[in-house]
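Subject: Structure handover

Hello,

I am passing this structure on to you. Please look it over first; my notes follow below.

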Amino acid sequence: MHIHILGICGTFMGGIALLAKQQGISVSGSDQNVYPPMSTQLEEQGIELIQGFDPKHIPEHTDCVVVGNAMSRGNPSVEYVLEQGLNYRSGPQWLSENILNDKWVLAASGTHGKTTTASMTAWILEYSNLNPGFLIGGIPENFGLSARLTESPFFVVEADEYDTAFFDKRSKFVHYRPRTLIMNNLEFDHADIFKDIEAIKTQFHHLLRIVPGNGLVIYPDDEQYLQQVVDMGFWSEKELIGPEDGWQFKLLKEDGSHFEVFFAGAKQGEVNWELIGLHNVVNGLASIAAARHAGVPAHHCCDALSEFRNVKRRMELKGEVGGVAVYDDFAHHPTAIQTTLGGFRKKVGEKRVIAILDLRSATMRSGIHKDTLIPTLAEADEVIIHKPNEYNWQFPQAQLEKLKSVQILEDVDAILHAVSKMIQSNDQILVMSNGGFGGIHGKLLELLAE
């Protein structure tokens, strides 16, 4: 059996490649943009990566072409697959048919926090010797891999609302059939896919429709849009984060690095970990609730989270030179940016924060958040926003003037030059992007070392 994956370096499709390899299937794949950490992970597993989408890269003996959702009509490989009548599947459909059929699926969904929450859940099960399989859109430090296949009945999956493939416009997560479902939050995102918030709510309700009656849905009680989704029809058990009869926390440190966990008013344990931010505390409660549904006592979940190591590109320290630290974070939506910066400020105290934001996602490029983004950067002392000229919209000048210092620059070289002019000893640089950002992290460290 041989499969060829189109778009193999996406975090999800790279995970599919690892799972197939672990099943004993021969795997190759092609992509246009190949960069770490996914390219490194795949090469370490002996999976052949081919640059570009020339149809000749698809081996003649391929049994199935697995098509990533970044592939569209007009792509040479896609056209070849259709013209030759080759067997093809979307990544989510392949996962459902080949991996999830006989599994207890624990799924983490939501606009923000999916990767981290799925990683926490998988780690709790691992810590409890339940040996879960998983597919996560990042590389959890506790595992060093974004996906693995085991004989365990439990499988943890990051449940993304993005569409499935060019031929299947449903959200990916409708393929996963979760028994335990976390819904972290719901906001408007993916402007290239969804017309408005109502379209996203519809997809989330499709997800609720496939959770069995004896399944569990976990979500915060203060998330208005999630409650509206539940009100559209609900058939399962649920546990809420926030109310007195649900899951609650009490901070023992203001930055969220140490807190107590309560369920129905009774203390379950304490978490003392390396993560920061209230958003991660709430993610942690959700993962505890999910693992408890799978049979892990809540106090044991707390012990596990105290040994949880974060996901790559989630507040990841890339290096430090002369007291100046460079951090990388995946934040790319106003809410995620604000919570990330808020937690970061509590972590570094009075040290100067230089925030560098890449407007890379389709939603950010569209300008739909131009009126709400700037206030989320208020915790930073210096703000640099990467915004190429072709984005034909502007931020409100009145908002820009409220920041302590802000520069809007077109390319990485200009950003590096700006940093070289402003850098001071003990500065903390936080880079926020959902892409490779031109290798800026390494270039910043090289600049600091000069």
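Start with two helices. The axes of helix α1 (residues 11-22) and α4 come within 10 Å and cross at roughly 25°. Axes are lines fitted to C-alpha atoms, for helices over the stretch in contact, and angles run from 0 to 180 degrees between N-to-C directions. Helices (H or I, at least four residues) and strands (E, at least two) are DSSP runs, numbered from the N terminus.

This is a predicted model: local features need pLDDT of at least 70, side-chain atom pairs count only at pLDDT 80 or more, and totals for chains, interfaces and linings use all residues. Residues are numbered from 1 along each chain as its sequence is written, and side-chain values use heavy atoms, with hydrogens and water left out.

Now α4 itself. Helix α4 spans residues 91-100 and is mostly covered, with seven of its 10 residues buried (under 20% relative accessible area; exposed is over 50%, partly exposed in between; 1.4 Å probe, protein chains only). Among the buried ones are W94, L95 and I99. S90 caps the N-terminal end of α4. A side-chain oxygen of S90 lies 3.1 Å from the backbone nitrogen of Q93.

Next, the aromatic rings. A search of the whole structure finds 12 aromatic pairs. Rings of Phe, Tyr and Trp (its six-membered ring) pair if their centres lie within 6.5 Å; planes under 30 degrees apart count as stacked, over 60 as edge-to-face and the rest as tilted. The rings of F259 and W273 have centres 5.6 Å apart and planes at 65°, so this pair is edge-to-face. The pair links distant parts of the chain, 14 residues apart. F259 is in strand β16 (residues 258-263), and W273 is in the loop between β17 (266-272) and α8 (278-293). F259 is buried at 0% relative accessibility. W273 is buried too, at 6%.

Y391 and W393 form a stacked pair, 6.4 Å centre to centre with 20° between the planes. Y391 is buried at 12% relative accessibility, and W393 at 9%. Ring pairs also link W123, Y127, F134 and F143 into a cluster.

Last, charges over rings (NZ of Lys or CZ of Arg within 6 Å of the ring centre and within 35 degrees of the ring normal). R179 lies over the face of W104, 5.8 Å from the ring centre. The charged end of R292 sits over the ring of F263, 4.5 Å from its centre.

Best wishes

Key
Polar contact = N/O pair within 3.5 Å; in protein donor to acceptor, adjacent residues only side chain to side chain.
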